[in-house]
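Work through the following exercises with the model in view, and try each task before reading its solution.

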Amino acid sequence: MTLPSRDDLTVITTHLNADFDAVASMLAAQKLYPDAIVVFPGSQEKNLRNFFIKSMAYLFNMEDIRNIDFQHIRKLVLVDTRQPGRIGKFSCLADNPDVEIHIYDHHPAMASDIRAHQDVSRMTGATVTILTEILKEKHLDISPDEATILCLGIYEDTGSFTFPSTTEHDFMAAAFLLSKGANLNTIATMISREISPEQIGLLNDMIQSATHYIINGIDIVLTQTMSDNYIPDFAVLVHKLIKMENLNAIFALASMENKVHVVARSRIPEVDVGGVVTLLGGGGHSYAASASLKDQTLTQVEHRLLDILYKKVRAKRKAGDIMSSPAITVGADVSCKDAAALLTRYNINALVITEKPDRKGKPVGFISRQVLEKVLFHQLDHALVRDYMTTDIAWVSLEADMPEIQQKIIENKQRVLPVVENDIIRGVITRTDLLNILARQSQQNNLENPFDPNRDVTHARTRNIVNFMVERLPVRILDLLKSIGDIAHQLGLSAYVVGGFVRDLFLYRPNEDVDIVIEGDGIFFAKQFAARTGARVHTHENFGTAVITFPDGFKIDVASARMEYYKFPTALPVVEMSSIKLDLFRRDFTINTLAIQLSPERFGMLIDFFSSQKDLKEKTIRVLHNLSFVEDPTRAFRAIKFEQRFGFTISRLTAGLIENAVKMDLFSRLSGRRIINEIKQILEEENPVPAIERMDDFHLLKAIHSSLQLTGDMTLLLNAVKKVLSWHDLLFLEEPCMKWTVYFMAIIAGMDYKSVIDICTRLELAPRHRHLFCRDHFTTVRTLFWLEHNTPIANSVLCEKLSGVKTELLLFMMAATRQEYIQRAISSYCVTLRYIRPEITGKDLLSMGIAPGPIYKELLKSLRDEKLNGILKTREDEQAYVIGKLTLLKSMV
């Protein structure tokens with residue numbers, strides 16, 4: 001192609017990574033500027049290159065940017081953009097007074113836009129719509145191929161007329177182009193292009209890494225992926241993802257080659273993705289935007305993006321979004337002493353007063369901690385709260401907005417603001433809640449306060465993991481969870497699967513111990529679910545829990561979402577109904593606070609209030625609050641158990657809190673049963689030895705007995721027990737064995753009889769365990785001593801000594817002996833000797849003419865002894881032995 005005069009060059013260009021709308025707009029502009037040449041500012045999508053260059057290249061006066069002398073450009077026509085950062089090398093012409101700039105664009109105006117001599121811009125679904133209207137007005141001829149390309153640009157940028165940015169002008173422009181011969185088959189082929197295997201992998205990565213952020217009450221999804229090579233149609237994949245997961249707003253980050261590509265989509269006005277992405281250096285509309293960033297990592301871009309989101313996203317937050325629920329209320333006729341106890345129990349500073357004590361009815365007043373403290377100071381403990389409450393109280397509905405909330409709290413000088421619906425108090429908003437919200441807004445408006453990913457947030461991180469669940473869970477469990485969610489929804493309840501089941505799902509550990517939490521009445525749900533599924537249900541009214549047992553014996557635990565408080569340190573918790581967040585807050589460690597929603601409309605939505613995913617990733621055991629071990633010291637044992645089971649590390653703060661609990665001697669206040677229950681669980685672990693060593697590090701063995709500590713001999717014995725138990729497991733014997741008791745005997749092995757008695761009493765052991773550790777254990781130690789000092793030992797003597805000894809004691813003897821001969825002997829007894837019996841029975845003796853009597857016992861014992869010692873090998877040997885024995889006895893008479 002011959003270029004125009006070198007001193008009067010007109011160039012038509014668009015933004016980097018041009019899409020169909022951009023290329024279609026360049027073609028339309030070429031018809032308005034017939035002497036111009038079309039130049040891409042950089043690379044374009046692969047599909048565009050293949051389609052346009054191979055199939056429709058003859059329509060364009062196209063030239064490579066490397067062949068353009070920028071000094072000779074006198075007119076620059078920009079289509080589908082007016083941002084200097086998006087036109088590559090052509091940005092150097094933006095401020096050149098010798099270059100006339102014409103712009104055709106449908107993006108919203110921004111302060112950084114290029115100033116044009118002629119600017120034709122308005123809000124339509126596609127830029128090519130604007131140019132098509134101009135071509136129509138000028139009566140310029142359009143061929144069927146040109147109409148197809150122009151129409152393709154409209155279809156792509158409007159999502160086939162489904163995007164909220166679509167206007168009537170887009171429909172009319174498409175209709176006009178259809179009248180000019182636009183080929184809808186070609187358009188459909190290009191719009192619905194197949195996904196390559198590489199793109200499928202990229203889409204799967206985005207689904208798996210999708211993280212939900214609740215920012216000012218708005219659910220925004222961030223996802224990221226990476227590829228060594230550039231994979232085309234990233235924006236198409238993001239569009240597919242937003243439709244598949246039914247998302248309101250998504251920011252997708254992809255590291256490909258040497259750039260981080262950002263594609264953003266929004267379906268809601270609260271999230272202006274164009275405004276957000278512009279601050280990253282990109283551009284777009286309020287509903288669709290993109291950017292390409294060099295010399296930055298995915299993490300850097302993610303942090304910048306989150307910082308911008310926390311500053312830019314503003315939602316109309318309602319009272320129902322920010323209230324704390326359930327409300328802690330008290331009846332007007334409750335004593336001031338009892339009301340003060342409630343403030344302490346729930347760690348709050350004000351109580352809402354109702355005429356009735358069940359949160360029903362409008363609030364009649366409120367009373368603060370300060371007032372109650374003064375009442376108690378004046379020894380008016382039994383005065384009623386109605387006598388001292390503030391009766392001038394305002395309240396709001398669930399739909400109240402922030403200005404109304406702020407006005408009522410500030411103007412009424414009200415510490416707590418009830419949220420009321422249908423004469424029922426649904427929740428409360430405190431003055432502290434309001435101050436925190438205003439403070440966060442202030443920080444978000446302050447550019448000197450960047451986003452901190454580790455700061456505390458009041459909302460949960462959520463993400464949809466339904467695909468992960470399908471991949472990881474057996475079909476039966478998945479169907480069961482769906483059924484639970486469906487039935488709960490029908491009953492007007494919310495169901496969640498929580499705790500260890502969810503934790504182990506992410507640790508890739510098998511766990512079918514399903515724990516369900518119901519927001520509402522868990523026992524009512526359990527009974528209804530059991531009735532509909534043919535299962536049995538056993539309830540525990542005091543704790544609001546139930547166990548559902550299916551016909552095949554499979555069980556699930558159901559609990560009401562509950563809040564626990566402790567009347568005093570180390571006490572068992574008192575249980576009250578609560579919300580899922582408060583239910584999770586009562587749990588021991590952050591790694592056990594994950595929950596998955598089961599309701600049909602949000603099935604598979606992971607909820608993480610307390611950064612559980614972060615701690616799982618960092619392999620950290622962390623408590624939820626600093627009084628955790630004061631309230632329940634047994635959590636220290638569980639911290640060690642989880643640390644060793646998963647190969648995690650107890651956080652520094654958590655370790656310090658355990659040490660503090662030991663210094664406070666809180667474990668001495670625990671009941672023995674609670675201590676032994678935790679120790680049992682540790683000793684039943686696959687390898688409890690490291691956990692026992694950690695218990696000694698924290699001086700927790702003293703919870704068993706004040707003199708107990710780990711020694712070198714104890715460590716050797718514990719490791720020997722582990723080897724013996726592993727050997728026993730490989731025998732696959734159908735005999736019960738309480739594994740934990742063998743380890744426990746190793747722990748108390750060096751203690752005297754009185755100390756062991758004290759331990760059994762302190763731990764409130766059941767009689768059978770008390771007998772095992774006191775009477776049987778010490779008898780076994782004496783037996784082992786005899787065996788070690790009387791070698792070699794005939795098999796018959798060995799069996800006599802070990803006859804009737806429990807399996808656990810035999811295994812302890814094998815671990816405790818340091819003589820390999822004795823260990824082999826006991827092993828032989830366990831595997832073969834104890835099962836050896838003579839072939840001749842009492843019936844055989846009778847048939848041989850021997851009269852029944854004491855002689856039978858003597859003969860059968862002699863037969864077994866001789867057989868054990870290898871003297872008798874066959875039935876004939878046994879018969880000959882009996883005849884010889886009888887002959888000998890007769891000769892002695």
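**Exercise 1.** Find which residues of helix α28 are buried, and decide what this says about the helix.

*Solution.* Start with the list: the buried residues of α28 are K739, W740, T741, V742, Y743, F744, M745, A746 and I747, where buried means under 20% relative accessible area, exposed over 50% and partly exposed in between (1.4 Å probe, protein chains only). Since nine of the nine residues of α28 (residues 739-747) are buried, the helix is largely enclosed by the rest of the structure. Next, look for the neighbours: these buried residues pack against α25, α26, α27, α29, α30 and α32, contact meaning heavy atoms within 4.5 Å. Helices here are DSSP runs of H or I with at least four residues, numbered from the N terminus.

The model is predicted, so local features need pLDDT of at least 70 and side-chain atom pairs count only at pLDDT 80 or more, while totals for chains, interfaces and linings use all residues. Residues are numbered from 1 along each chain as its sequence is written, and side-chain values use heavy atoms, with hydrogens and water left out.

**Exercise 2.** Determine which parts the salt bridge between D713 and R818 ties together.

*Solution.* First check the distance: the closest N and O atoms of D713 and R818 are 3.6 Å apart, and a salt bridge requires a side-chain nitrogen of Lys or Arg within 4 Å of a carboxyl oxygen of Asp or Glu. Then locate the partners: D713 lies in helix α27 and R818 in the loop between α32 and α33, so the pair ties together parts that are 105 residues apart in sequence. Finally, consider accessibility: both D713 and R818 are exposed.

Conventions
Helices (H or I, at least four residues) and strands (E, at least two) are DSSP runs, numbered from the N terminus.
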